[in-house]
Amino acid sequence: MSGKIILLIGGSGSGKSSLIKRLRHEYERVRFIPSVTTRPKRPTEHDGESYHFVDVKTFQQLIQENGFIEYAHVHRAWYGTPRQAYEEILATDGIVIKDIDPKGAAAFKTLFADQVITIFVSVPPDLMKERLLMRGDTPEFEARLVDYADAWKDRDHYDYMIENIDFEQAYVDLLGIISAYIPGQPSES
Ligand SMILES: Nc1nc2c(ncn2[C@@H]2O[C@H](COP(=O)(O)OP(=O)(O)O)[C@@H](O)[C@H]2O)c(=O)[nH]1
Ligand SMILES: Nc1ncnc2c1ncn2[C@@H]1O[C@H](COP(=O)(O)OP(=O)(O)O)[C@@H](O)[C@H]1O
């Protein structure tokens with residue numbers, strides 16, 4: 001297996017999804033496989049784009065069928081990485097990017113070792129709070145900030161760290177880390 005998995009770790013509102021969205025827009029060879037979650041869908045989300053939204057019973061069934069590479073309980077919901085789609089990409093020289101919680105990142109490193117590149121996306125807590133409020137996240141808000149404080153303590157465990165204050169700069173920093181792994185040129189769209 002020669003594919004690469006880029007994992008973005010960071011608190012809610014650190015900008016992981018925005019960085020992934022921009023990268024996918026510019027580099028069509030970078031794949032994104034939506035995870036499966038029991039979290040309620042946000043008004044701006046569509047099923048099958050950011051996530052596949054399922055109920056807890058369906059999630060449990062997928063666990064029993066060995067449908068996940070890893071799964072974890074984060075912020076009151078379950079999240080799982082679909083096994084089949086990942087294994088297909090990893091069997092080729094594909095590149096896949098995803099955001100994941102620290103436990104999931106550790107599981108990926110154990111399973112796929114050097115195929116995995118972990119990047120911690122940091123953001124000052126006051127900006128994070130502002131962005132979450134702008135996104136309309138009021139419930140579970142404090143829990144998300146506490147989780148970020150925990151993740152920050154472990155930031156040295158990751159291969160790289162980028163700071164997302166200015167989005168363009170953060171994106172350039174991300175590209176600087178991963179462009180060597182992206183085959184071909186940016187897409188023209
Ligand atoms: N372990 C694991 N964590 C995931 C997966 N998908 C998303 N996450 C993480 O779950 C947390 C919550 O994600 P999300 O509901 O999108 O909230 P947001 O980070 O506030 O936008 C984040 O830390 C994600 O990186 C997955 O498949 N497995
Ligand atoms: N550098 C930035 N400056 C201002 N707003 C940002 C920046 N990065 C992300 N955002 C905004 O902050 C909110 C949370 O970003 P998002 O990418 O959803 O974070 P995450 O996926 O890490 O939870 C979104 O509304 C996004 O547009």
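How many residues surround ligand 2, and which of them are the closest? In this predicted model, 15 residues surround that ligand, and the closest are Gly 15, Ser 17, Ser 18, Arg 131 and Phe 167. Helices α1 and α5, the latter spanning 125-135, each supply at least two residues of that shell, and by class the shell around ligand 2 has two nonpolar, eight polar and five charged residues.

Let me turn to the other ligand. Ligand 1 is surrounded by 16 residues, with Ser 12, Ser 35, Ala 72, Tyr 79 and Gly 104 the closest, and the elements giving two or more residues to this shell are β5 (68-74), β6 (77-82) and α4. Sorted by class, the shell around ligand 1 has four nonpolar, seven polar and five charged residues.

Next, the interior. In soluble globular proteins, nonpolar side chains tend to be buried together. Here the largest nonpolar core has 25 residues, of which Ile 6, Leu 7, Ile 9, Ile 119 and Val 121 touch the most other members. Two or more residues of this core come from each of β1 (4-9), α1 (16-26), β7 (95-99), α4 (102-112), β8 (116-122) and α7 (167-178), and the largest share, five residues, comes from β1. If we look at Ile 119 and set aside residues up to four places away in sequence, Ile 119 touches Ile 6, Leu 7, Leu 8, Tyr 158, Asp 159, Tyr 160, Ile 162 and Ile 177. There is also a second, separate core of eight residues, including Ile 69, Trp 78, Tyr 86 and Leu 90.

Lys 4 lies in strand β1, and Lys 4 counts as buried because 21 C-beta neighbours fall inside 10 Å, where the threshold for burial is 20 or more. Leaving aside neighbours within four places in sequence, Lys 4 is in contact with Ile 95, Gln 115, Ile 117 and Tyr 181. The C-alpha atoms of Lys 4 and Ala 113 are separated by 10 Å, although these residues are 109 residues apart along the chain.

Lys 109, by contrast, is found in helix α4, and Lys 109 has 19 C-beta neighbours inside 10 Å, so it counts as partly exposed. Between Lys 109 and Arg 39, which are 70 residues apart along the chain, the C-alpha separation is 25 Å.

Key:
Residues are numbered from 1 along each chain as its sequence is written. Chains are lettered from A and ligands numbered from 1 in the order in which they are written. This is a predicted model: local features need pLDDT of at least 70, side-chain atom pairs count only at pLDDT 80 or more; totals for chains, interfaces and linings use all residues. A nonpolar core is a set of buried Ala, Val, Leu, Ile, Met, Phe, Trp, Tyr and Cys residues joined through C-beta atoms within 7 Å. A residue is buried if 20 or more other C-beta atoms lie within 10 Å of its own, exposed if 12 or fewer, and partly exposed in between; C-beta atoms are placed from the backbone. Helices (H or I, at least four residues) and strands (E, at least two) are DSSP runs, numbered from the N terminus. Two residues are in contact if their C-beta atoms, placed from the backbone, lie within 7 Å. A residue is near a molecule or strand if its C-beta atom, placed from the backbone, lies within 6 Å of it. Ala, Val, Leu, Ile, Met, Phe, Trp, Tyr, Cys and Pro count as nonpolar, Asp, Glu, Lys and Arg as charged, and the others, Gly among them, as polar.
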